[in-house]
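Open the model in your viewer and keep the selection panel at hand. Each stop below says what to select and what is there.

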Amino acid sequence: MRWECASIHVLLRISFPPVSSPANFDFHCHSTVSDGLLPPAEVVARAAGLGVSHLALTDHDDIDGLPEARQAAEERGLVFVNGVEISIEWEGNPIHVVGLGFDARHPGFVEGLVSVRSGRVERARRMGDAFAAIGIPGVFEGAMRHAGNPLLISRAHFARHLVETGLFKEPRNVFDHYLVPGKPGYVEHRWASLGAALGWIHAAGGVAVVAHPARYKLSSGQMRRFLGDFKDLGGQAIEVVCGSHSPDHILHYARLARQFAFHASRGSDFHGPVESYVDLGCLPALPEDLKPVWRLLDI
Ligand code: AMP
Ligand code: MN
Ligand code: MN
Ligand code: MN
C-alpha cells in the first residue's frame, strides 16, 4: 500500500525537491511499545508505503519493538537501524537523546533502559492524584487504557484519555493546559543523567543524537553549554531536519552542527497518522554540506 506526504507542504510551507535519489532516511519514530499509535510492523509498512528506504524505530526508553520492526523491514527491503529515544535531564531540563546502531543485547545498555523506565508508573500515579486533586478523577486508569506497554506510560497517553473524555479536542491542548511544567497535571520526575545515557549508548557501540533540539526551553547560551557537555561526553550528532523543525530551525541547527562539528540526523518523530507533525519520511533533505549521521553507522 502507498501513502503520500499529504498536506505537509501546506503545514510547513516547505517545498520538496523532486526525489532524484531513492534514499529516504527516517531515524526517529514511535510504535505502541512507547507512545506511538501503530504496532512496530505497521510503522514499518507505512514507512515503506511512503518511500522510506532507511528506518530507525526509536521508542522512548524501550527497545522491545526492534525485532518485529527489523523483520518487517527485511521483508519489505528497507534498511533497518536499531534505535531508542532516551529520556534524560540536564540541569533540571527534560531532554531526549536518540541512540542509533547499538547492540540491543548489551547488558549495561539493557539495564540502563530498565532503570529509566522504572519510575514511569509511579510518576503516572502521582499525575493521576494531581488530576483528582483538581476534581478530575480516574485519569491514571484512563491513561493506562491507552498505553500499549504499561511500563511506558507517557504524558501522551494522559493527553489521549483527556481528549477521549471530551475535555479538549487535541492532545496538544491538554499539554498546554495540564501537562507541562507549572500546570496542575505535571509532576517532577528524575530521568537519566546525560552522562549515564551516553555511557549506555556508547558501551553498546551506538551513536548518540540530540533529539528535536528546538523543543527545549533552553536559552541560546544554555543550548550551547548543553551541546558542549554532549560533545565532551562523546555525543556525535544532532537532529537538524525533524518533524517539529520549521525552515528557520533547520538553518539554525545546521549552523550549530557545523560549529560543534556534529553529524546531522533526519527524523519525523512520527507517533501516529493523526497526531504527528509529519508523516514518516515526509521531510526536507539535510543541508548538503552537513555530514549525515548514517555515515557513522555500519549500514
Ligand atoms: P513523557 O515521556 O511521558 O514525558 O511524554 C512525552 C511525550 O509526550 C513526547 O514524546 C510526545 O509524544 C508527547 N508530547 C510532549 N509535548 C507535547 C505537546 N506539546 N503536544 C503533544 N504531545 C506532546
Ligand atoms: Mn512521544
Ligand atoms: Mn522526544
Ligand atoms: Mn520522539
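Select the manganese ion (ligand 3) and its donors, which follow the spacing E-x10-H-x115-H along the chain. Donors here are N, O and S atoms within 2.8 Å of the metal (3.2 Å for Na, K and Ca); water is not among the atoms, so sites may look incomplete. This is a predicted model, in which local features need pLDDT of at least 70 and side-chain atom pairs count only at pLDDT 80 or more, while totals for chains, interfaces and linings use all residues. Residues are numbered from 1 along each chain as its sequence is written, chains are lettered from A and ligands numbered from 1 in the order in which they are written, and side-chain values use heavy atoms, with hydrogens and water left out.

Now show the side chains at this ion. E85 (OE), H96 (ND1) and H212 (NE2) coordinate the manganese ion (ligand 3) at 2.1 to 2.2 Å. E85 sits in strand β3 (residues 79-90), and H212 in the loop between β6 (207-210) and α10 (220-232). The two are 127 residues apart, so this pair links distant parts of the chain. Helices (H or I, at least four residues) and strands (E, at least two) are DSSP runs, numbered from the N terminus.

Are E85 and H212 buried or exposed? E85 counts as buried, at 1% relative accessibility. H212 is buried too, at 4%. Buried means under 20% relative accessible area, exposed over 50%, and partly exposed in between (1.4 Å probe, protein chains only).

Select the manganese ion (ligand 2). It is 5.5 Å from the manganese ion (ligand 3). Pick out its protein donors: D35 (OD), D35 (OD), H60 (NE2) and H271 (NE2). They lie 2.2 to 2.7 Å from the manganese ion (ligand 2). Along the sequence, its donor residues are spaced D-x24-H-x210-H.

Where do D35 and H60 lie? D35 is in the loop between β1 (25-26) and α2 (40-49). H60 is in the loop between β2 (54-57) and α3 (66-76). The pair therefore ties together parts that are 25 residues apart in sequence. Both D35 and H60 are buried.

What is the arrangement around the manganese ion (ligand 2)? Six donor atoms subtend angles of 52 to 154 degrees, so the arrangement is irregular. For the cut-offs: four donors count as tetrahedral if all angles lie between 85 and 135 degrees; four count as square planar and six as octahedral if opposite donors are over 155 degrees apart and all others between 65 and 115; anything else is irregular.

**Next: the cysteines**

Select C5 and C282. A disulfide joins them, with S to S at 1.9 Å. The term covers a pair of cysteine sulfur atoms within 2.5 Å. The structure holds one disulfide. The torsion about the S-S bond of C5 and C282 is about -80 degrees, so this disulfide is left-handed. C5 lies in the segment before α1 (8-12), and C282 in the segment after β8 (263-267). The pair thus ties together parts that are 277 residues apart in sequence. C5 is partly exposed, at 26% relative accessible area. C282 is buried, at 1%.

C29 is buried, with a relative accessible area of 0%. C242 counts as buried at 2%.

**Next: S268**

Select S268, in the segment after β8. S268 is buried, with a relative accessible area of 0%. Which side chain does S268 meet in a polar contact of 2.7 Å? That of D26. A polar contact is a pair of N or O atoms within 3.5 Å; within protein, one must be able to donate a hydrogen and the other to accept it, and residues adjacent in sequence count only if both atoms are side-chain atoms. The S268 side chain also reaches the backbone nitrogen of F270 at 3.1 Å.

Colour domain 1 (5-117 + 190-296) and domain 2 (120-179), as the domain assignment gives them. Such bounds come from an automatic or database domain assignment. The domain centres, taken over C-alpha atoms, are 25 Å apart. Their contact (heavy atoms within 4.5 Å) takes 14 residues from domain 1 and 11 residues from domain 2.
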